[in-house]
Amino acid sequence: MRLRRLTALAALSLAALTACGSGSGSGVGTLKIMAPASPGGGWDQTSRTAAEALKSAEPSRKVEVYNVPGAGGTIGLAQLAGQKGNGDLLMTMGLVMVGAVEQNKSKVTLAETTPIAKLTEEYEIVVVPAESPYKTLADLVTAWKADPTKIAIAGGSAGGTDHIVAGLMAKAAGIDPKQVNYIAHSGGGEALNALLGNKVAMGVSGIGEFAEHVKSGKLRALGVTSPARVDSVDSPTLKEGGLDVELANWRGFVAPPGLDDAARKNLTDLVTKMHDSQAWKDAVAKNGWIDSFQTGQQFADYLAAEQTKVKTIIAEMGLVS
């Protein structure tokens with residue numbers, strides 16, 4: 001009888017261990033966060049910041065971040081969709097991916113994910129290399145209008161937030177957005193290298209990605225896309241520089257499709273705990289991000305509305321080939 005009882009207990013223990021490592025969202029397995037871009041960009045920065053905040057909020061939790069670059073995040077999106085039912089996986093995404101799905105005519109869309117949370121908003125910044133002859137936004141616009149194709153612009157993926165900002169700036173300056181010489185990069189690190197190497201005339205990215213390089217003097221800020229100046233970087237707004245452009249990027253988390261209610265709740269609760277941690281609050285302040293936390297149906301509705309809005313914008317801008 002005792003042997004039979006021990007055998008039963010062993011079987012139960014084995015079953016529990018198997019469940020913990022099954023990726024079913026048990027809450028005790030290793031959580032993986034996919035940054036669907038190269039290291040150095042906004043999604044990578046957000047993913048690694050979130051991982052550290054999660055470890056701080058829940059020290060026993062193992063969190064791993066990995067990169068899947070390419071096509072504005074749609075390569076990573078396709079991989080996420082193939083992980084149906086995996087409750088131990090999150091993918092960082094945002095406005096950039098919404099545009100990239102349209103730009104790349106991706107067969108996999110965000111409808112094939114489980115929305116978990118909107119995390120932050122961040123305004124964009126327009127910069128030039130320190131050696132650039134363009135001291136102000138007006139200087140840049142004058143040269144841009146004279147020969148639109150001559151002004152090469154570095155930014156993130158085609159159809160993403162940076163590309164949209166470049167198109168809106170051109171339109172505000174009286175330049176045909178279709179003439180914008182936009183050079184897409186798979187991550188902020190690559191765009192930064194192009195700027196520091198003086199391979200492009202101008203760069204557009206989230207403030208957090210370029211702020212330190214502006215402070216160090218390696219880049220010169222010509223404008224930010226916020227309605228008023230921001231504390232994290234010394235720069236006028238685009239409106240102050242004569243271009244009526246205002247836009248906020250946003251980032252969040254989605255999970256694979258096919259999650260049961262328990263797995264969805266587990267991930268939502270975990271991300272909420274991360275959001276409420278002091279480590280995350282400190283990182284948001286340090287990076288100049290705007291806390292715009294949403295979960296559940298509220299985020300799902302927001303995501304659906306953003307897809308409709310962005311599809312219209314990039315069509316009007318001629319950003320869809």
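Trainee: What share of the 321 residues in the protein is buried?

Mentor: Buried residues make up 53% of the 321. Keep in mind that this is a predicted model.

Trainee: What does the C-alpha trace span along its principal axes?

Mentor: About 90 × 40 × 35 Å.

Trainee: How do I read the contacts along the sequence?

Mentor: Look at how far apart the partners sit in the chain. Take the contacts with a separation of 6 or more: residues 24 or more positions apart account for 78% of them.

Trainee: Now a helix pair. At what angle do helix 7 and helix 8 pack?

Mentor: Helix 7 covers residues 188-196, and helix 8 covers residues 207-215. The angle is about 35°, and the axes lie 11 Å apart. Their crossing is right-handed.

Trainee: Which residues of helix 7 and helix 8 meet?

Mentor: Helix 7 brings Gly 188, Leu 192 and Leu 195. Helix 8 brings Glu 209, Phe 210 and His 213. Sorted by class, this contact has three nonpolar, two polar and one charged residues.

Trainee: Where is Ser 205 found, and is this residue buried or exposed?

Mentor: Ser 205 is in strand 7, residues 202-206. For the second part, use the cut-off: buried means under 20% relative accessible area. Ser 205 has 3%, so this residue is buried.

Trainee: What does the side chain of Ser 205 make a polar contact with?

Mentor: The side chain of Glu 209, at 3.0 Å. Beyond its neighbours within four places in sequence, Ser 205 is in contact with Tyr 123, Glu 124, Ile 125, Asp 162 and Phe 210.

Trainee: Let me try Asn 287. Which helix does Asn 287 lie in?

Mentor: Helix 10, residues 278-287. Asn 287 has 14% relative accessibility, so it counts as buried.

Trainee: Which polar partner does the side chain of Asn 287 have at 3.0 Å?

Mentor: The side chain of Gln 45. Check the backbone too. The backbone oxygen of Ala 283 lies 2.9 Å from a polar atom of the Asn 287 side chain.

Trainee: Which residues does Asn 287 touch, not counting those up to four places away in sequence?

Mentor: Gln 45, Glu 122 and Gly 208.

Conventions. Residues numbered from 1 in each chain as written. Predicted model: local features only at pLDDT ≥ 70, side-chain atom pairs only at ≥ 80, totals over all residues. Heavy atoms only, no water. Axes fitted to C-alpha atoms, helices over the stretch in contact; angles between N-to-C directions. Helix = DSSP H or I, 4+ residues; strand = E, 2+ residues; numbered from the N terminus. Left-handed = near helix turned anticlockwise from the far one by under 90°. Contact = heavy atoms within 4.5 Å. Nonpolar A, V, L, I, M, F, W, Y, C, P; charged D, E, K, R; others polar. Buried < 20%, exposed > 50% of the residue type's maximum accessible area, 1.4 Å probe, protein only. Polar contact = N/O pair within 3.5 Å; in protein donor to acceptor, adjacent residues only side chain to side chain.
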